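Here is a short briefing on one protein model. Please look at the sequence and the structure first, then read on.

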Amino acid sequence: IAAARGIATADRDIRAGRWVVDDTIAQQRFRGPQIGGATLGLVGYGAVGRELAGIARGCGMQVLAFDPYADAATLAAAGVEAVGTLAEMLSRCDYVSVHAALTDETRGMLGAAELAALPRGAVLVNTAREPIVDRAALVDALVAGHLSAAALDHFEGEYIAPDTDLARLPNVILTPHIGGASRGADACHTEMLADAFDALAAGEVPAGALNPECAPAAVERLWR
């Protein structure tokens, strides 16, 4: 929403007293699109993607998802349409939000061709790892006006220099990897760890374990 409506730029303008620029009042300069009725595409339908899908549907958005590892029936039950290919989904999106894990398979998966598949004026949000989206291709799409805006919460190396092309663009929102930086998240992490130890103590596999085959050995070490 902040990227689509130019919230950060509007804040800077008002603080600087730029109510009128080139004879255009602020309310006209920042007249942006409506979220309701628009189509959101999710690249990855894990825990975060599922939560965003619910929020988006509550705002009246149609939600699509591309995730070759997600169950289509599960998506359908949540009111989310599973799309077979990334290119097909992107071609239908007003907004696209990236929630895939960074792997050899996903690194650079959104490059020049994929961004070109988005309708002109689309908005891209990446709160996953930056290298999933090709930075040079993203800058080109923004400068050309093919993408109207973008928002990123992570940069490779956890830093972006202020003089880079991406950082100088006014239609980009950049945040320092704070998507999960909340006190509530810290509490949830602690509870998840405690629940995992409880499960192991009961001889069970912790929920969400990526290596469940290691659970028996972990239980043995726990009781040892």
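Which residues of the largest nonpolar core touch the most other members? They are M89, L138 and L147, in a core of 33 residues. A nonpolar core is a set of buried Ala, Val, Leu, Ile, Met, Phe, Trp, Tyr and Cys residues joined through side-chain atoms within 4.5 Å. Buried means under 20% relative accessible area, exposed over 50%, and partly exposed in between (1.4 Å probe, protein chains only).

This is a predicted model: local features need pLDDT of at least 70, side-chain atom pairs count only at pLDDT 80 or more, and totals for chains, interfaces and linings use all residues. Residues are numbered from 1 along each chain as its sequence is written, and side-chain values use heavy atoms, with hydrogens and water left out.

**Overall**
- The protein has eleven helices and nine strands. These are DSSP runs numbered from the N terminus: helices are H or I with at least four residues, strands are E with at least two.
- The C-alpha trace spans about 75 × 35 × 30 Å along its principal axes.
- Of the 224 residues, 35% count as buried.
- Take the contacts (heavy atoms within 4.5 Å) with a separation of 6 or more: residues 24 or more positions apart account for 56% of them.

**Cores**
- In the 33-residue core, β4, α6 (86-90), β6, β7, α8 (135-143) and β8 each supply at least two residues.
- Helix α8 gives the most to this core, with five residues.
- Another core, of 19 residues, lies apart from it; Y45, V63, V123 and A149 are among its members.
- Beyond its neighbours within four places in sequence, M89 contacts G41, L42, V43, L64, A65, F66, V83 and V96.
- In soluble globular proteins, nonpolar side chains tend to be buried together.

**Sheet**
- Seven strands form an open sheet in the order β5-β4-β3-β6-β7-β8-β9, with parallel pairing. Two strands pair if DSSP finds at least two bridges between them.
- Strands β5 (81-82) and β9 (172-174) stand at the edges; each has a single partner strand, so one side of each lacks a neighbour in the sheet.
- Helix α4 (residues 47-58) packs on the sheet and touches β3 (39-43), β4 (62-66) and β6 (95-98). Its direction makes about 175° with that of β3; axes are lines fitted to C-alpha atoms, for helices over the stretch in contact, and angles run from 0 to 180 degrees between N-to-C directions.
- Four bridges join β3 to β6 in parallel, with V43 partnered by V98.
- Four bridges also join the parallel β6 and β7, and V96 has L124 as its bridge partner.
- From β6 the chain passes through helix α7 (residues 112-117) to β7, a right-handed β-α-β crossover. Right-handed means that, with the strands pointing away from the viewer, the path from the first strand over the helix to the second runs clockwise.
- Five bridges pair β7 (residues 122-126) with β8 (residues 147-152) in the parallel sense; V125 stands opposite A151.
- Both faces of β6 are covered: Y95 and S97 on one side, V96 and V98 on the other, all buried.

**Backbone and cysteines**
- E158 is not a glycine, yet has a positive phi of about 65°. It sits in the loop between β8 and α9 (165-168) and is partly exposed at 49%.
- H177 has a positive phi near 60°. Its place is the loop between β9 and α10 (183-201), and it is partly exposed at 30%.
- There are zero disulfides in the whole structure, a disulfide being a pair of cysteine sulfur atoms within 2.5 Å.
- C188 is partly exposed at 41%, and C214 is partly exposed at 36%.
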